[in-house]
Amino acid sequence: MVVSSSLIVSIWTTLYEAQQAIRYPELLQIDPTGGTNNLSVPVLLLCGADGNNHTFLWGTVFLAEGELKVGFAWVLRAVTRMYGVDVTRRIRLTISDGDDKICESIENAISAGEWGGRRGRCFWHLFYQEYTKYALVGADEAEKANLHEPIVAAMGVVARECETKAEFDDWFECIEKFISDYPNHARVVRVREIIDNCKVET
(Lines give C-alpha, C1' and ligand atoms only; values in the text may rest on other atoms or scores of the structure.)
Protein backbone atom coordinates (compact mmCIF):
# COMPACT_ATOMS: atom_id res chain seq x y z
CA MET A 1 0.00 0.00 0.00
CA VAL A 2 1.58 3.29 -1.16
CA VAL A 3 0.27 6.77 -0.28
CA SER A 4 1.88 9.95 -1.70
CA SER A 5 4.95 7.96 -2.81
CA SER A 6 5.44 6.64 0.75
CA LEU A 7 5.22 2.96 1.60
CA ILE A 8 2.63 2.68 4.37
CA VAL A 9 2.24 -1.09 4.72
CA SER A 10 3.61 -4.16 2.96
CA ILE A 11 3.00 -7.90 3.33
CA TRP A 12 4.94 -10.89 2.05
CA THR A 13 5.03 -14.64 2.42
CA THR A 14 6.86 -17.68 1.04
CA LEU A 15 5.60 -20.62 -0.98
CA TYR A 16 5.97 -22.96 2.01
CA GLU A 17 4.08 -20.61 4.34
CA ALA A 18 1.30 -20.18 1.77
CA GLN A 19 0.96 -23.95 1.39
CA GLN A 20 0.75 -24.36 5.18
CA ALA A 21 -1.89 -21.62 5.50
CA ILE A 22 -4.03 -23.23 2.79
CA ARG A 23 -3.70 -26.64 4.45
CA TYR A 24 -4.20 -25.43 8.06
CA PRO A 25 -6.29 -22.24 8.00
CA GLU A 26 -8.28 -22.87 11.19
CA LEU A 27 -6.18 -20.65 13.49
CA LEU A 28 -4.66 -17.23 12.87
CA GLN A 29 -2.84 -15.20 15.51
CA ILE A 30 -2.01 -11.56 14.80
CA ASP A 31 0.93 -10.30 16.85
CA PRO A 32 2.35 -6.77 16.41
CA THR A 33 5.87 -6.21 17.71
CA GLY A 34 8.01 -3.08 18.01
CA GLY A 35 11.73 -2.36 18.22
CA THR A 36 12.74 -5.45 16.26
CA ASN A 37 14.32 -3.89 13.16
CA ASN A 38 16.66 -1.07 12.14
CA LEU A 39 13.79 0.79 10.43
CA SER A 40 12.05 1.26 13.79
CA VAL A 41 8.68 0.30 12.33
CA PRO A 42 6.12 -2.13 13.77
CA VAL A 43 6.17 -5.67 12.40
CA LEU A 44 2.96 -7.67 12.29
CA LEU A 45 3.32 -11.46 12.40
CA LEU A 46 0.43 -13.53 11.08
CA CYS A 47 0.88 -16.94 12.71
CA GLY A 48 -0.90 -20.25 12.22
CA ALA A 49 -0.47 -23.76 13.61
CA ASP A 50 -0.27 -27.07 11.77
CA GLY A 51 -1.65 -30.46 12.74
CA ASN A 52 1.31 -31.04 15.09
CA ASN A 53 0.80 -27.66 16.80
CA HIS A 54 3.92 -26.27 15.12
CA THR A 55 3.82 -22.57 14.29
CA PHE A 56 4.14 -21.22 10.77
CA LEU A 57 3.67 -17.75 9.28
CA TRP A 58 0.78 -16.84 7.02
CA GLY A 59 2.74 -13.71 6.30
CA THR A 60 4.89 -10.90 7.67
CA VAL A 61 3.85 -7.25 7.57
CA PHE A 62 5.65 -3.91 7.87
CA LEU A 63 3.42 -1.07 9.10
CA ALA A 64 5.65 1.85 8.25
CA GLU A 65 3.34 4.53 9.62
CA GLY A 66 2.61 2.78 12.90
CA GLU A 67 -0.38 0.75 13.98
CA LEU A 68 -3.02 2.59 11.99
CA LYS A 69 -6.56 1.34 11.60
CA VAL A 70 -6.34 1.72 7.82
CA GLY A 71 -3.17 -0.39 7.87
CA PHE A 72 -4.80 -3.26 9.75
CA ALA A 73 -7.87 -3.22 7.54
CA TRP A 74 -5.64 -3.27 4.46
CA VAL A 75 -3.70 -6.25 5.86
CA LEU A 76 -6.84 -8.34 6.31
CA ARG A 77 -8.03 -7.48 2.80
CA ALA A 78 -4.56 -8.36 1.46
CA VAL A 79 -4.66 -11.75 3.22
CA THR A 80 -8.08 -12.40 1.69
CA ARG A 81 -6.75 -11.54 -1.78
CA MET A 82 -3.59 -13.61 -1.29
CA TYR A 83 -5.36 -16.77 -0.17
CA GLY A 84 -8.93 -16.31 -1.40
CA VAL A 85 -12.16 -16.30 0.58
CA ASP A 86 -12.37 -20.08 0.30
CA VAL A 87 -9.40 -20.16 2.69
CA THR A 88 -10.13 -17.17 4.94
CA ARG A 89 -13.72 -18.34 5.52
CA ARG A 90 -12.29 -21.59 6.92
CA ILE A 91 -10.60 -19.68 9.76
CA ARG A 92 -12.25 -20.72 13.03
CA LEU A 93 -10.44 -18.41 15.43
CA THR A 94 -8.45 -15.20 14.96
CA ILE A 95 -6.46 -14.19 18.05
CA SER A 96 -5.02 -10.75 18.70
CA ASP A 97 -3.48 -8.93 21.66
CA GLY A 98 -6.54 -6.76 22.26
CA ASP A 99 -5.49 -3.66 20.32
CA ASP A 100 -8.74 -1.84 19.49
CA LYS A 101 -7.74 -1.17 15.88
CA ILE A 102 -6.89 -4.82 15.20
CA CYS A 103 -10.05 -6.07 16.95
CA GLU A 104 -12.28 -3.71 14.97
CA SER A 105 -10.66 -4.73 11.67
CA ILE A 106 -11.11 -8.44 12.44
CA GLU A 107 -14.75 -7.99 13.45
CA ASN A 108 -15.45 -5.98 10.28
CA ALA A 109 -13.92 -8.74 8.13
CA ILE A 110 -16.05 -11.37 9.89
CA SER A 111 -19.20 -9.25 9.53
CA ALA A 112 -18.49 -8.75 5.82
CA GLY A 113 -18.35 -12.51 5.30
CA GLU A 114 -14.71 -12.46 4.16
CA TRP A 115 -13.38 -13.99 7.37
CA GLY A 116 -14.61 -17.10 9.17
CA GLY A 117 -15.01 -18.03 12.81
CA ARG A 118 -14.73 -15.60 15.69
CA ARG A 119 -12.24 -13.23 17.30
CA GLY A 120 -10.41 -14.01 20.54
CA ARG A 121 -7.82 -12.33 22.72
CA CYS A 122 -4.35 -13.74 23.42
CA PHE A 123 -4.37 -15.29 26.89
CA TRP A 124 -0.85 -14.13 27.74
CA HIS A 125 -1.39 -10.52 26.64
CA LEU A 126 -4.71 -10.41 28.46
CA PHE A 127 -3.17 -11.68 31.68
CA TYR A 128 0.17 -9.88 31.65
CA GLN A 129 -1.13 -6.45 30.69
CA GLU A 130 -3.70 -6.51 33.48
CA TYR A 131 -1.33 -8.10 35.97
CA THR A 132 1.47 -5.58 35.59
CA LYS A 133 -1.02 -2.71 35.58
CA TYR A 134 -2.87 -3.65 38.78
CA ALA A 135 -1.55 -6.60 40.76
CA LEU A 136 2.05 -5.41 41.27
CA VAL A 137 1.19 -1.92 42.49
CA GLY A 138 2.41 -1.55 46.07
CA ALA A 139 4.07 -4.97 46.27
CA ASP A 140 7.46 -5.12 47.99
CA GLU A 141 10.40 -7.20 46.71
CA ALA A 142 9.61 -10.17 48.96
CA GLU A 143 6.02 -10.32 47.77
CA LYS A 144 7.12 -10.03 44.14
CA ALA A 145 9.60 -12.89 44.57
CA ASN A 146 7.35 -15.17 46.64
CA LEU A 147 3.94 -14.56 45.06
CA HIS A 148 3.99 -12.69 41.80
CA GLU A 149 7.03 -14.15 40.01
CA PRO A 150 5.83 -17.76 40.48
CA ILE A 151 2.35 -16.82 39.25
CA VAL A 152 3.72 -15.09 36.16
CA ALA A 153 5.95 -18.10 35.46
CA ALA A 154 3.03 -20.52 35.88
CA MET A 155 0.76 -18.45 33.64
CA GLY A 156 3.50 -18.44 31.03
CA VAL A 157 3.42 -22.25 31.06
CA VAL A 158 -0.37 -22.17 30.73
CA ALA A 159 -0.12 -19.86 27.72
CA ARG A 160 2.62 -21.87 25.99
CA GLU A 161 1.89 -25.49 26.85
CA CYS A 162 -1.80 -26.13 27.54
CA GLU A 163 -3.53 -27.72 24.58
CA THR A 164 -6.75 -29.07 26.14
CA LYS A 165 -9.35 -27.69 28.53
CA ALA A 166 -8.42 -30.40 31.06
CA GLU A 167 -4.78 -29.23 31.10
CA PHE A 168 -5.97 -25.64 31.35
CA ASP A 169 -8.23 -26.46 34.34
CA ASP A 170 -5.52 -28.51 36.12
CA TRP A 171 -3.05 -25.62 35.96
CA PHE A 172 -5.59 -23.14 37.26
CA GLU A 173 -6.41 -25.48 40.14
CA CYS A 174 -2.72 -25.59 41.08
CA ILE A 175 -2.41 -21.81 40.82
CA GLU A 176 -5.50 -21.33 42.97
CA LYS A 177 -4.05 -23.60 45.68
CA PHE A 178 -0.83 -21.61 45.58
CA ILE A 179 -2.69 -18.31 45.94
CA SER A 180 -4.83 -19.69 48.78
CA ASP A 181 -1.72 -20.42 50.84
CA TYR A 182 -0.68 -16.77 50.66
CA PRO A 183 -1.97 -14.16 53.17
CA ASN A 184 -5.15 -12.64 51.79
CA HIS A 185 -5.03 -8.92 51.03
CA ALA A 186 -6.24 -6.53 48.34
CA ARG A 187 -3.53 -7.38 45.78
CA VAL A 188 -4.11 -11.11 46.20
CA VAL A 189 -7.84 -10.56 45.66
CA ARG A 190 -6.99 -8.57 42.52
CA VAL A 191 -4.70 -11.38 41.29
CA ARG A 192 -7.57 -13.84 41.60
CA GLU A 193 -9.93 -11.47 39.76
CA ILE A 194 -7.47 -11.02 36.89
CA ILE A 195 -6.96 -14.77 36.51
CA ASP A 196 -10.74 -15.40 36.64
CA ASN A 197 -11.29 -12.76 33.94
CA CYS A 198 -8.65 -14.42 31.76
CA LYS A 199 -10.41 -17.76 32.10
CA VAL A 200 -13.73 -16.25 31.04
CA GLU A 201 -12.43 -14.21 28.07
CA THR A 202 -10.30 -16.99 26.58
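Two strands pair if DSSP finds at least two bridges between them. Keep that idea in hand as we walk through this predicted model.

**The chain as a whole**

The chain holds 8 helices and 8 strands. Of its 202 residues, 40% are buried. Look next at contacts between residues at least 6 apart in sequence: 64% of them join residues at least 24 apart.

An open sheet is built from 6 strands, in the order 3-6-5-4-7-8, with mixed pairing. Its edge strands are strand 3 and strand 8, and each of these pairs on one side only. On average, neighbouring strands in the sheet are turned by 20 degrees against each other, direction ignored.

Now zoom in on one pair. Strand 7 and strand 8 run parallel and are joined by 4 bridges. Within this pair, Leu-93 stands opposite Arg-118 of strand 8.

| Strand 3 | 9-12 |
| Strand 8 | 118-121 |

**A helix on the sheet**

**Two helices side by side**

Two packed helices are described by the angle between their axes and the distance between the axes. For helix 5 (residues 123-135) and helix 6 (residues 141-161), the axes come within 10 Å and cross at roughly 165 degrees. Angles over 145 degrees count as roughly antiparallel, so helix 5 is roughly antiparallel to helix 6. Their crossing is right-handed.

Which residues make the contact? Helix 5 contributes Phe-123, Trp-124, Phe-127, Tyr-128, Tyr-131 and Ala-135. From helix 6 come His-148, Ile-151, Val-152, Met-155, Gly-156, Val-158 and Ala-159. Sorted by class, this contact has 11 nonpolar residues, 2 polar ones and no charged ones.

**A buried threonine**

Finally, find Thr-88, which sits in helix 3 (residues 85-88). Is Thr-88 buried or exposed? Buried means under 20% relative accessible area; Thr-88 has a relative accessible area of 0%, so Thr-88 is buried. Leaving aside residues up to four places away in sequence, Thr-88 touches Val-79, Thr-80, Glu-114, Trp-115 and Gly-116.

Methods. Residues are numbered from 1 along each chain as its sequence is written. This is a predicted model: local features need pLDDT of at least 70, side-chain atom pairs count only at pLDDT 80 or more; totals for chains, interfaces and linings use all residues. Side-chain values use heavy atoms; hydrogens and water are left out. Axes are lines fitted to C-alpha atoms, for helices over the stretch in contact, and angles run from 0 to 180 degrees between N-to-C directions. Helices (H or I, at least four residues) and strands (E, at least two) are DSSP runs, numbered from the N terminus. Angles under 35 degrees count as roughly parallel, over 145 as roughly antiparallel, 65 to 115 as roughly perpendicular and the rest as oblique. A crossing is left-handed if the near helix is turned anticlockwise from the far one by less than a right angle, and right-handed if clockwise. Contact means heavy atoms within 4.5 Å. Ala, Val, Leu, Ile, Met, Phe, Trp, Tyr, Cys and Pro count as nonpolar, Asp, Glu, Lys and Arg as charged, and the others, Gly among them, as polar. Buried means under 20% relative accessible area, exposed over 50%, partly exposed in between (1.4 Å probe, protein chains only).
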